[in-house]
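Welcome! Take a look at the structure, and then read on.

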Amino acid sequence: MAKKRSQASTVILVVGGDEYLNHRNVREAEHRACVARPDAEVIELDAADCDSYSFDEAVSPTLLSDVSIVVLRNLQRAGEALGKALETFCVEATRHPQDSSVVICQHEGGNKGKRLISTLKNKGAEVVMVPDLKKFDAKINFVYSLFEQQQRHIELSAAQQLVNVLGERTGELASMCSQLCFDFDEDPISRATADSYLISDPQVTGFAVADKAVAGDVTGAVLGLRAAIEQGGAPLALIGALGLKLRTMAKASAIRHGTISQAEAKASPWQLRAAGRELSGWSSEGLGRCIESLAWADEQCKSNGGDPVYALERAIGAISAKGREIHGVGDSRNQGRYRS
């Protein structure tokens, strides 16, 4: 997470990282600037179509205000003339910060525009490097930080579930954490509480269905599947959750047999440990059969003549039986093919 910055900063560069966090840092910098300069005019510019004249005009005094707060988007697309204007402004603003406008530049990351960032930093600009949250553990730490900001805590399993479901949608993840803190007094927030707010998400239901299926509770898994479908859940989302569960178990099995290393598995240690505990009674062949049944269910979902619900129920039956018996996975050649 970004460190707190001084309100005296007159040029702030928010660079790269997760898109949601990038834009949130820009909004926070804008809010601080507005608090410090309540009479300032807020002006939005896009570096892609902003020239040096437009920039100079934006940061100059007007009849309405002596200073302005300029939010400059897409700094990576700034032309040479605009870059020079930014450099000149940065030097002057650093010398007289109290009388200066504030410029907040948003850069999407990447190599384009890095030289300008370095130049502005050397001339006194403040650079905020935004984390990318690509790794699972980084997302877990992000969840923890959100709760710490509210002086609250969350159980590890609850944080993991939030990331499992919303980890690719950082804004929704942050909103869910805020909502949980607002609606519940318990500390820490439990897995059950998190699940109660996530249950309408088909991915969550998919994870719950997968847990029941792997535990051998075929009835509970099928009922969960049907409830998700009735609530409007997409079969493909359910297949995705089931597939993730099986792939992680397959990775844990491969590590156990020395086929791959933990680094090659590209999964968090806690995920692999949890998957490893669920491998009892499974064989590599059984995992393969269940993954094949899910592939067939995926095909049924994408086929006009397919029956995805039936296919998913067959896959759940296969998973509950640890892949020891699969009927009807696709065509007559597969029916009754797998037995042990």
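Asp137 is found in helix 5; helices here are DSSP runs (H or I) of at least four residues and strands are DSSP runs (E) of at least two, both numbered from the N terminus. Before going further, please note that this is a predicted model, in which local features need pLDDT of at least 70 and side-chain atom pairs count only at pLDDT 80 or more, while totals for chains, interfaces and linings use all residues. Residues are numbered from 1 along each chain as its sequence is written, and side-chain values use heavy atoms, with hydrogens and water left out.

Helix 5 also holds Lys139. Is each of these two residues buried or exposed? The table gives the values, where buried means under 20% relative accessible area, exposed means over 50%, and partly exposed lies in between (1.4 Å probe, protein chains only).

| Residue | Relative accessible area | Class |
|---|---|---|
| Asp137 | 38% | partly exposed |
| Lys139 | 7% | buried |

Which residues lie around them? Contact means heavy atoms within 4.5 Å. Leaving aside neighbours within four places in sequence, Asp137 is in contact with Ser268, Pro269 and Trp270. The C-alpha atoms of Asp137 and Ala267 are separated by 9.7 Å, although these residues are 130 residues apart along the chain.

Now for the wider view. The protein has 15 helices and seven strands, and 46% of its 340 residues count as buried. Among contacts with a separation of 6 or more, 72% are between residues 24 or more positions apart.

Next comes the interior. In soluble globular proteins, nonpolar side chains tend to be buried together. A nonpolar core is a set of buried Ala, Val, Leu, Ile, Met, Phe, Trp, Tyr and Cys residues joined through side-chain atoms within 4.5 Å. The largest one in this model has 40 residues, and those with the most contacts inside it are Phe142, Val143, Phe147, Ile154 and Leu162. Elements that each supply at least two residues of this core include strand 1 (11-15), helix 1 (19-36), strand 3 (68-73) and helix 5 (136-149). A second, separate core of 28 residues includes Ala210, Ala221, Leu279 and Trp282.

Five strands form an open sheet in the order 2-3-4-1-5, with parallel pairing; two strands pair if DSSP finds at least two bridges between them. Strand 2 (41-46) and strand 5 (126-129) stand at the edges with a single partner strand each, so one side of each has no neighbour in the sheet. From one strand to the next, the twist averages 15°. Six bridges join strand 2 and strand 3 in the parallel sense; Glu44 has Val71 of strand 3 as its bridge partner, and Asp46 has Arg73.

How many residues of strand 3 are buried? Six of its six residues are. Both faces are covered, with Ser68, Val70 and Leu72 on one side and Ile69, Val71 and Arg73 on the other.

How values were computed: Axes are lines fitted to C-alpha atoms, for helices over the stretch in contact, and angles run from 0 to 180 degrees between N-to-C directions.
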